[in-house]
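These are my notebook entries on one structure.

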Amino acid sequence: MSQQRLRRSPLRTVIAGTVGSILLFVGSLGVGWLAAVSELRQNPMVIALRFTTPGAIISIILVALGGMLLVREWLRLGQKLNHWGPDTRKWINAAMIAWSLPMMVAIPMFSRDIYSYIGQGRVMQSGLNPYEYGVSYIENFFQLGADQLWSESPPPYGPLFLWMEQGVVAITDAQPDQSVLLFRALCIISVIAMAWMIPKLARMHGINPTRALWLSVANPLFLVNFILAAHNDAIMIALALGGVLAAATWRNWKGGLLGAFLVTMSVAIKPITLVFLPFIGLLWAGKGASWPRKFLIWFLTLAWSVVIMAVMGLVSDFGFGWVSAMSTPGSVFIWYAPVGMLGLLASAVVGLLGGNGGEAMDLVHRIGQLMAVPVILYMMFVGKDQRIIWRLTWSFAAIVIFAPMIQAWYVVWLIPLFAVTGIRSDWQVDVLFFLTAFFMIYAVSDQIDVFPYLDIDLSSGRTIAAVIAIAYGAYLWFLDPATRRLFRGKYRHTLQSTVI
């Protein structure tokens with residue numbers, strides 16, 4: 001193979017992306033989230049990377065370079081498979097598998113929520129109600145890696161996931177490394193399910209299924225959040241997409257009942273996917289349904305979901321109290337969320353005027369969250385029948401956009417839905433490119449664990465990672481001879497979403 005053909009070959013891109021994933025794996029040994037009682041702390045390589053200053057610096061550099069290299073090779077893969085013909089699927093499959101493999105065995109990064117799952121599972125195993133008793137009621141909770149944030153906080157998860165947590169802890173006896181692998185296995189199964197469902201949903205909308213997979217499952221932001229971090233959101237979204245696929249495939253009572261059941265199971269992971277239910281009802285009602293029929297099916301959808309929730313509440317002895325747990329993460333904010341930024345500004349202005357800045361911030365946050373309601377209602381009542389899933393997508397997006405806290409995995413919730421309903425090759429795909437790069441830069445520079453007794457502190461480590469990641473992002477945007485063309489309007493025709 002000539003040097004020129006090698007540069008154009010998708011194989012080179014898949015291999016380079018795999019190198020990026022391996023760099024993340026090695027870096028995770030030094031700055032990933034590792035429980036204090038983990039046996040891996042006795043591993044010589046982990047000791048060299050985690051408990052020495054040079055090792056920590058090397059790990060930080062590897063994480064920043066690995067994450068950004070994955071972003072680059074994802075962009076390059078889209079360029080090289082520009083015609084999206086039948087022969088391109090194998091390359092997307094190869095990339096998804098090769099880029100995922102190192103993450104499957106890495107120490108968790110970019111979030112330590114997985115350790116809170118272990119703590120909540122121990123609470124369940126002890127016979128306590130996790131919505132009433134935080135993980136601090138179980139001895140040595142901090143040694144198992146859970147963030148102190150969860151010491152008294154109820155979990156924002158439904159009973160289905162609490163049962164999963166309990167099952168994992170029962171199998172592993174709360175051994176953290178084994179528990180991480182089991183939770184990650186659940187997420188990997190969910191990712192595989194999404195990789196199967198997304199092409200089917202894309203075809204329903206006249207979208208090229210391979211391109212939809214590239215935009216979603218092969219996206220490095222998707223992989224690092226759903227596999228490397230092992231967020232339970234992977235299970236939540238897989239169940240919700242399954243419900244949408246079932247309802248959209250049959251569009252009758254069978255599809256509606258199955259769709260509502262799967263979405264309710266998703267709600268029993270995290271209640272946020274309740275917003276899917278009205279649109280499952282619209283799909284169930286069928287094409288050209290009258291408004292009386294739509295209201296009837298909405299009622300039946302809600303009633304069926306309530307019955308399922310009641311059964312789970314009865315079996316778990318939680319009743320319906322678990323639904324209120326969805327408010328747990330809503331009390332925080334972040335500066336880059338539009339509503340979060342407005343809240344900060346309101347707090348600053350009111351504080352300067354002598355008022356209560358905290359109350360002003362809370363008011364702005366509440367108003368912002370309420371702004372999602374009219375968007376959801378509009379999408380429920382207005383729009384063409386063939387755009388029901390598109391309407392669902394924007395309803396779900398409104399919840400994220402108007403939230404005071406937007407985590408990277410919130411964005412990943414939306415990517416599969418937008419991918420299957422159509423991301424145009426103009427400003428829309430540019431937004432996805434930017435969000436992928438932005439949240440990768442933010443993750444590698446924020447979510448790292450630097451051993452506190454080194455010559456380098458956490459703040460310095462974050463600064464090093466941020467400088468490297470931002471410089472790499474600027475290089476991709478302005479200097480890289482290959483990727484900069486994406487952002488100058490060239491090759492737009494190569495990223496079209498035609499059906500093959």
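**Entry 1: a pair across the chain.** I began with Asp449 and Arg50, which form a salt bridge whose closest N and O atoms are 3.6 Å apart. I took a salt bridge to be a side-chain nitrogen of Lys or Arg within 4 Å of a carboxyl oxygen of Asp or Glu. The two partners come from distant parts of the chain, 399 residues apart: Asp449 lies in the loop between α20 (427-446) and α21 (458-479), and Arg50 lies in helix α3 (residues 44-50). Helices here are DSSP runs (H or I, at least four residues), numbered from the N terminus. I noted that Asp449 and Arg50 are both buried. Buried means under 20% relative accessible area, exposed means over 50%, and partly exposed is in between (1.4 Å probe, protein chains only).

**Entry 2: basis of the values.** The model is predicted, so I recorded that local features need pLDDT of at least 70, that side-chain atom pairs count only at pLDDT 80 or more, and that totals for chains, interfaces and linings use all residues. Residues are numbered from 1 along each chain as its sequence is written, and side-chain values use heavy atoms, with hydrogens and water left out.

**Entry 3: further salt bridges.** How many salt bridges does a search of the whole structure find? I recorded seven. Side chains of opposite charge can pair when their charged atoms come close. One of the pairs joins Glu73 and Arg72 at 2.9 Å, N to O. Glu73 counts as buried because its relative accessibility is 3%, and Arg72 counts as buried because its value is 14%. I also found that Arg72, Glu73 and Asp480 are linked in a network of salt bridges.

Next I looked up Arg251 and Asp385, whose side chains meet in a salt bridge of 2.8 Å, N to O. This pair also links distant parts of the chain, 134 residues apart, with Arg251 in the loop between α11 (233-250) and α12 (253-267) and Asp385 in the loop between α17 (372-381) and α18 (388-401).

**Entry 4: Val263.** I located Val263 in helix α12. Val263 counts as buried because its relative accessibility is 0%. Leaving out residues up to four places away in sequence, I listed what Val263 touches (heavy atoms within 4.5 Å): Leu239, Ala240, Gly243, Thr273, Phe276, Leu277 and Ile280.

**Entry 5: domain 1 against domain 2.** An automatic or database domain assignment supplies the bounds: domain 1 (7-109 + 425-499), domain 2 (136-326) and domain 3 (330-404). The C-alpha centres of domain 1 and domain 2 lie 27 Å apart. Their contact takes 42 residues from domain 1 and 31 residues from domain 2. Together they bury about 3100 Å², 70% of it on carbon and sulfur atoms; buried area is the accessible area (1.4 Å probe) that two parts lose on being put together, summed over both. Trp74, Arg89 and Met103 supply 19% of the area that domain 1 buries against domain 2, more than any other three residues. I looked for salt bridges across this interface, and the rule finds zero.

Notes
Helix = DSSP H or I, 4+ residues; strand = E, 2+ residues; numbered from the N terminus.
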